[in-house]
Amino acid sequence: MNRINPLYLALLLIVILLLAIFKLDNAKVELADAQESLIETTALATNLSGLKDVYGNQKKSKAAILKILKNSSLKQSNIMKKVKKSGIIISSKSMDLRALNSLLGKLFNGAYNIVALDVKKLSETKVSLHVEIKW
Amino acid sequence: MKFNNKFKTIFLDTSANKLDSEEENNASILAATQGSIKKEKVNIILSPSLYWVKKLSLPVKYVREVKKLLPSIFEDTLPEGHYSYYVYKSGDDFFAFAYEDKAILDVLSMQGIAASNVANVYFAQSEFQNLEKAVKVSDTQSIYVKDELVILVPSTWVQESDDLDLSDMKFSKHNITLQQFGHIVDNSSLYKIGAILVVLIVLIAIEYFITLSKAEQIAQQNSELFEKYKLKSTMMQNRSMLKKYSYIHEKQTKLREYISYMLSLKLKKDEKLSLLSLKNKTLIVEFTGVKKNQDAHITKILQSKNIKYKSSYKNDTLHVEITL
């Protein structure tokens, strides 16, 4: 009678099995959470990286805008630029309509955060311009 | 032979009465016990009434070979029931036993002895095979050896008998283990179930470790993403940044879209676009030379695109405000 009853061993094994199932279930929940988190992080990282590169890259935006302003078609337009830490203000009291088209075309086709814009028609060929871009 | 004086010894017989503290010393089971046997560990010697025994001469050498044959050896002898078997070799003969665990446990229970208090269980056959004369095991019954078999007979059949003295027993090595639930499920089935359970546990354990490993790999990939895209340390910060940039993107897309609509308008003769302004997320567009109540060709496109706008008219000028 000193020997361990096989039935007790079977019961012990059943308890261990139940514990193992419980642990496995928890691990599967953890895995599902981790997978969900990875999917979310991947989507977030891709979107954020793309948007940040477009709207949050100060150096890139600044260099691109300054390059646009150096364009020969804008030389006659008396364009004033004021570069700040948070962005740039581009203005002209009077500029040619063609130069305006060229400048706005480049600004609107680029991904710049335009926070203020003011284009007033002065005459048939002249306009005034005020653009504020943030980065 | 082994000395086992550590525990008290009881001769267990089906005719025995239940023990209680007062009757203990007078118990008909002739136990050499003093004090409470209910709580102490005891050795049990089974009366011949609790087992079947056969003395066999078989053309085999080893006990293990006989073990396989035991159920068939007793097949025709035993009444219906769940039996366990035991065999040992003595000289050239084998002594084979069949017994019902449950029947023995029931008798033990009737005696008030818990199965957990039973140290060892022996057969009277193995322990009293060298009796020289009859021994009285109860008021009415005695045991004696005939043809090397210990048998139980009414005391009236024997002329002379000694009292049973269990105080100085020298036990053989032939003891058995009673299966408490043997009548419900036999050991081989239990071992099979046990094996299946062990296999299941091993499989689940393997799956558990694989799952943990996968979760770890995914966590690693997650960390790598944080490093690769230089994300902030918490998802809350990152979500907040994404929200901020998504908002900017949405407003900038709308700004370009609405300006594109305005610039693509087919204006009438004398109508001019005189102002294009963005202030506080509101796009303001002014058209001069527009005749009163004749601005449908301008507002129509805004309506067709489901753009919410406000318009006013003053001095041939149509003033349109669109909130981004």
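In which helix of chain B is B:Ala103 found? I shall return to that residue after a few words on conventions.

What we have here is a predicted model, in which local features need pLDDT of at least 70 and side-chain atom pairs count only at pLDDT 80 or more, while totals for chains, interfaces and linings use all residues. Residues are numbered from 1 along each chain as its sequence is written, and chains are lettered from A and ligands numbered from 1 in the order in which they are written.

To the opening question: B:Ala103 is found in helix α3 of chain B. Helices here are DSSP runs of H or I with at least four residues, strands are runs of E with at least two, and both are numbered from the N terminus. A residue is called buried if 20 or more other C-beta atoms lie within 10 Å of its own, exposed if 12 or fewer, and partly exposed in between, with C-beta atoms placed from the backbone. B:Ala103 has 17 other C-beta atoms within 10 Å, so B:Ala103 is partly exposed. From B:Leu50 it is 53 residues away in sequence, and 7.6 Å away in space, C-alpha to C-alpha.

Let me now describe chain B as a whole. Chain B has seven helices and 17 strands. Of its 324 residues, 27% are buried. Two residues are in contact if their C-beta atoms, placed from the backbone, lie within 7 Å. Among the contacts in chain B with a separation of 6 or more, 63% are between residues 24 or more positions apart.

I turn to the cores. A nonpolar core is a set of buried Ala, Val, Leu, Ile, Met, Phe, Trp, Tyr and Cys residues joined through C-beta atoms within 7 Å. The largest such core has 39 residues, of which B:Leu12, B:Ile44, B:Leu46 and B:Phe97 touch the most other members. Two or more residues each come from β2 (8-12), β3 (42-46), β5 (84-90), β6 (93-99), α3 (101-110) and β7 (118-123) of chain B. Strand β6(B) supplies the largest share, six residues. Which residues does B:Leu46 contact, leaving aside its neighbours within four places in sequence? They are B:Leu12, B:Tyr51, B:Ile104, B:Val121, B:Tyr122, B:Phe123 and B:Ala124. There is also a second, separate core of 28 residues, and A:Leu74, A:Leu117, B:Leu255 and B:Ile259 are included in it.

Next, the sheets. Strands are taken to pair if DSSP finds at least two bridges between them. One open sheet has three strands of chain B in the order β4-β6-β5, with antiparallel pairing. In this sheet β4 (52-56) and β5 of chain B each have a single partner strand and stand at the edges, so one side of each is left without a neighbour in the sheet. Antiparallel strands β4(B) and β6(B) are joined by five bridges, and B:Lys54 stands opposite B:Ala96 in β6(B).

Another open sheet, of four strands of chain B, has the order β10-β9-β8-β11 and mixed pairing. Its edge strands, β10 (149-154) and β11 (162-163) of chain B, pair on one side only. Strand β8 (residues 135-136) of chain B runs parallel to β11(B), and two bridges join them. B:Val135 has B:Asp162 in β11(B) as its bridge partner.

Consider next B:Gln125: is this residue buried or exposed? B:Gln125 has 25 other C-beta atoms within 10 Å and is therefore buried. It is found in helix α4 (residues 124-127) of chain B. Leaving aside neighbours within four places in sequence, B:Gln125 is in contact with B:Val53, B:Phe95, B:Leu149 and B:Val150. Between B:Gln125 and B:Glu148 there are 8.6 Å in space, C-alpha to C-alpha, and the two are 23 residues apart in sequence.

Finally, the two chains together. Their contact takes 44 residues from chain A and 51 residues from chain B. On the side of chain A that touches chain B, the elements giving two or more residues are α1 (6-55) and β3 (113-121) of chain A. The most come from α1(A), with 30 residues. Strand β3(A) also runs antiparallel to strand β14 (residues 272-279) of chain B, and four bridges join the two. Across this pairing, A:Lys120 stands opposite B:Leu275 in β14(B).

Thank you for your attention.
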